[in-house]
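Colleague: Could you take me through how helix packing and sheet order are read from a model, beginning with the helices?

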Amino acid sequence: MNFLKHKRLLALPVAACIALCCGLVTACSGDGSKNGNLTSMGYYTSMGYYMYAMDTNVTLCVTTDFSDPECEEEADNFAYAVKDVLSDIERSISASVESSYVNAFNEAEPGATVEIDEICYDVLKIAIETYNETGGYYNPGVYYSADLYGFAPRVSSSVKMPYDRSSAYSLPAEKYVTAFQELSKAFSDVEIGVSDDGTYYAVKPEKTVTVEGDSNVYSLKIDLGGIGKGYATDVVDKMFEDMGYEYGYFFFGSSSIVVQKCYASKNDAWDLSYEDPRGTGYYLESDIMDATLSTSGDNKQYFEVGGKRYCHIMDPTTGSSIQTGIISCTVIGDSAAAADAYTTGLMAMGLEKAVDFINENLKGDKVVFVYEKDSQYYVICNDRDYFKIVDSKYSFGNIVDGDGNIVLMDNVN
């Protein structure tokens, strides 16, 4: 994995704008100046690095005083270190990498104990904890359910399965939907641990399912791709801290970002615009700094049959693509890995359960989602002062009471 590098002065306002694949645009707030961007040593500039990892475009930006050539070399080495970390994580947990530990788990016999590395152990630990916290609505065990709809990562695109749909715009057989939904419950039985000799392991559940007319015996497979990107983002966030870089950002494709401070802003914050999930342009604005963010939505990976949208996010309770009315969800907090899992789980929960979960578990985060009902689009959030609607076809669907709880309006229920 190589990267491209681009250097630019923050004194140019256009250079402070970043387009995010996850449906966001950020820019420094204020008039683009902060002491004229001039320090006692020279001008602050931004160095951008562009990479590709886990089938996703990656952007890394470091902003500091690059008047000393050694500072540029230091930033380059930082970018190479980030590149190496992303490669290590991909080799560990990518379900589409044949030699990964996740693929070894997926291909293992039911009940087998599989050796994994520390990265895979850490990501699985977070996944198991979040699975339990969300009551199973975040479930990496829906691999086969996602594969039914054409969204799971296969090791080889040439691999054909008996359940493959007849076309990209057809629906899978219900017998497979039911069987694989039952199989996904086995994720609750995944065990991980550390042996006396310090090696990490995962125990694959013994549960299997069969489908009438299909000679295959299916055992649990998992996909950690979503939470894995969040995990990587958290690691890079710590690397920023270790390097002492206060200004910059890291965008991991369409799922996770970490934003440091914005040097060109008088208040160190970035302005954030949220992409319209049902149109062009943007429907929401806020600011952000020193935080991680994850967004999930049904508008990036989907197909339609009979006017109904089927996206890549699976409902573990049905084994099918979500049909909950929640079409986009964003969580801003301290952990990108947790936020990745929460956005997926909240979309699968549906309106009332999502509100209850946010009220009970996420008051320390900024959470917003869009709920579609009768062709109306309602913005549900836990901080109406923080989020500003900028598209007239959207309206707030809740208030926030004195205890910080989301209270839905009557027309949304």
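**Helix packing and a sheet**

Modeller: Helix α6 (residues 225-243) packs with helix α7 (residues 336-349) at an angle of about 155 degrees, their axes lying 6 Å apart. The model is predicted, with local features needing pLDDT of at least 70 and side-chain atom pairs pLDDT 80 or more, while totals for chains, interfaces and linings use all residues. Residues are numbered from 1 along each chain as its sequence is written, and side-chain values use heavy atoms, without hydrogens and water.

Colleague: How is the angle of α6 with α7 classed, and which residues meet?

Modeller: Two packed helices are described by the angle between their axes and the distance between the axes. Here α6 is therefore roughly antiparallel to α7, a label for angles over 145 degrees on a scale from 0 to 180 between N-to-C directions. In α6, residues including Gly226, Ile227 and Tyr231 meet Ala336, Ala337, Asp340 and Ala341 in α7, contact meaning heavy atoms within 4.5 Å.

Colleague: What is the strand order of the open sheet, and which strands are at its edges?

Modeller: Strands are DSSP runs of E with at least two residues, helices runs of H or I with at least four, and two strands pair if DSSP finds at least two bridges between them. The open sheet of 3 strands has the order β6-β8-β7 with antiparallel pairing, and its edge strands are β6 (113-116) and β7 (191-194), each pairing on one side only. Between β7 and β8 (residues 200-203) there are 4 bridges, and Ile192 stands opposite Ala202 in β8. Helix α3 (residues 118-133) packs on this sheet, touching β6, β7 and β8.

Key
Parallel < 35°, antiparallel > 145°, perpendicular 65-115°, else oblique.
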